[in-house]
Amino acid sequence: MKSDKNMISRLALWMGDDALIIGHRLSEWCGHAPILEEDIALANIALDCLGQANSWLKLAAEYGYPNKTEDDLAFFREAGDFTNLQLLEQPNGDFAKTIVRQFLFDALRILFYEKLFLFADENVAGISGRALKEIKYHFRHSRSWLIRLGDGTPESHMRIIRALEELWEFTNEMFEYDETGARLASLDLIPGTESLKENWYILISSAFREAGIDIPGQDRYFSTGSRNGMHTEYLGHLLAEMQITARSFPGAKW
Amino acid sequence: MTEKNQNWEPWEVFIQPGQGAPHEHAGNVHASDAEMALQNARDLFARRGKVLSIWVVPARMITASSPSDSGPFFDPADDKAYRHPKFYTVPKGVRGV
């Protein structure tokens, strides 16, 4: 049973890291979004993600890191300890880039939560059930923006293409598991990489078709190793800002 | 999308707080299309408390009476007591009237 809990802790860590990093990136839009309504929408989504991160990291700590809290995991680890996808730490860029990044991730998350929702461990199932409702809304939001911009003006169309070109290299490792992930997949507890990739592709294809955007091919460099702590330089900068308050005032309450 | 609108127009938002309750005006949002209006309305007005349904309507589709109409429109209603439903009592337990 102990090894089960360790496996779940590892799964919770990467679910939590993904949610934490994308949540922080989205929160950077607060006060900067193109219009007031969208500012609130992005902040709402950021809050949902941070809420999910909180639940997952709490579970990761409970099952695998004795004497640590979710805050310790969020604020007192180094970049090399983070297991989030490199896609999610990429800078916001323009609004189109934020939307493309979000859309690619939301599609993945829906497929993940639909599977985790059925998990035997009630903590995993509970977090996933709640998160699935949230992520379905996120997906609807990012999908409709993707189509609106892709099928919008020549300018917005060009920006979606540019964003997709910049981000595509980070998509392949969505379907790359570490040792624990591979074991969980072999036990059919999380989606297998092949079927996950296939279903993800189906999910994004219909939206890109509606948006009038071609999906890039596979003949290029792809990033690798996120789940084992490989990251781009951007994560370090993000963490510096995200962690400074907790590190400057350890144990601070507000 | 068939209709492309580059000027974001105001949409009026109506929310239904409970089963059988009427949709009530909640405020307005800017949006370029109906789906965006619905999502913006959800984010602005349905974050807290219970909401069952949202309507969004382009503000330009609403025809409103003007202040100068108010005399002829509304004053005559004041002095006709027989129009007011106050000659019977509503039974206890009747809700939503």
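**Charged pairs and their setting**

Mentor: Start with B:Arg42, which is partly exposed at a relative accessible area of 28%. The scale is simple: buried means under 20% relative accessible area, exposed means over 50%, and partly exposed lies in between (1.4 Å probe, protein chains only). This is a predicted model: local features need pLDDT of at least 70, side-chain atom pairs count only at pLDDT 80 or more, and totals for chains, interfaces and linings use all residues. Residues are numbered from 1 along each chain as its sequence is written, chains are lettered from A and ligands numbered from 1 in the order in which they are written, and side-chain values use heavy atoms, with hydrogens and water left out.

The partner of B:Arg42 is B:Asp43, in a salt bridge of 2.8 Å, N to O. A salt bridge needs a side-chain nitrogen of Lys or Arg within 4 Å of a carboxyl oxygen of Asp or Glu. B:Asp43 is buried, at 2% relative accessibility. Over all chains, the rule finds 17 salt bridges.

Now take chain A. A:Arg109 and A:Asp18 form a salt bridge at 3.3 Å, N to O. A:Arg109 is in helix H5 (residues 95-116) and A:Asp18 in helix H1 (residues 2-27), so the pair ties together parts that are 91 residues apart in sequence. Helices are DSSP runs (H or I, at least four residues), numbered from the N terminus. Both ends are buried: A:Arg109 has a relative accessible area of 2%, and A:Asp18 is at 1%.

A:Glu165 and A:Arg220 also form a salt bridge, at 3.4 Å, N to O. A:Glu165 belongs to helix H7 of chain A and A:Arg220 to the loop between H9 and helix H10 (233-248), so parts 55 residues apart in sequence are tied together. Here both ends are partly exposed, A:Glu165 at 41% and A:Arg220 at 29%. A network of salt bridges links A:Asp94, A:Glu155, A:Arg159 and A:Arg162.

Next, the chain boundary. Contact (heavy atoms within 4.5 Å) takes in 17 residues from chain A and 17 residues from chain B. The buried area is about 1600 Å², with 52% given by carbon and sulfur atoms. In chain A, A:Glu37, A:Tyr137 and A:Arg148 lose the most area to chain B, together 39% of what that side buries. That area is the accessible area (1.4 Å probe) lost when two parts are put together, summed over both.

Two salt bridges run between chain A and chain B. One of these joins B:Glu35 to A:Arg140, with the closest N and O atoms 2.7 Å apart. On the side of chain A that touches chain B, helix H2 (36-64) and helix H6 (122-150) are the elements that give two or more residues. H6(A) gives the most, with seven residues. The residues of that side divide into seven nonpolar, five polar and five charged. In that count Ala, Val, Leu, Ile, Met, Phe, Trp, Tyr, Cys and Pro are nonpolar, Asp, Glu, Lys and Arg are charged, and the others, Gly among them, are polar.

H6(A) has a neighbour within its own chain too. A:Phe139, A:Arg143, A:Leu146, A:Ile147 and A:Gly150 of H6(A) meet residues of H9(A), including A:Leu203 and A:Glu210.
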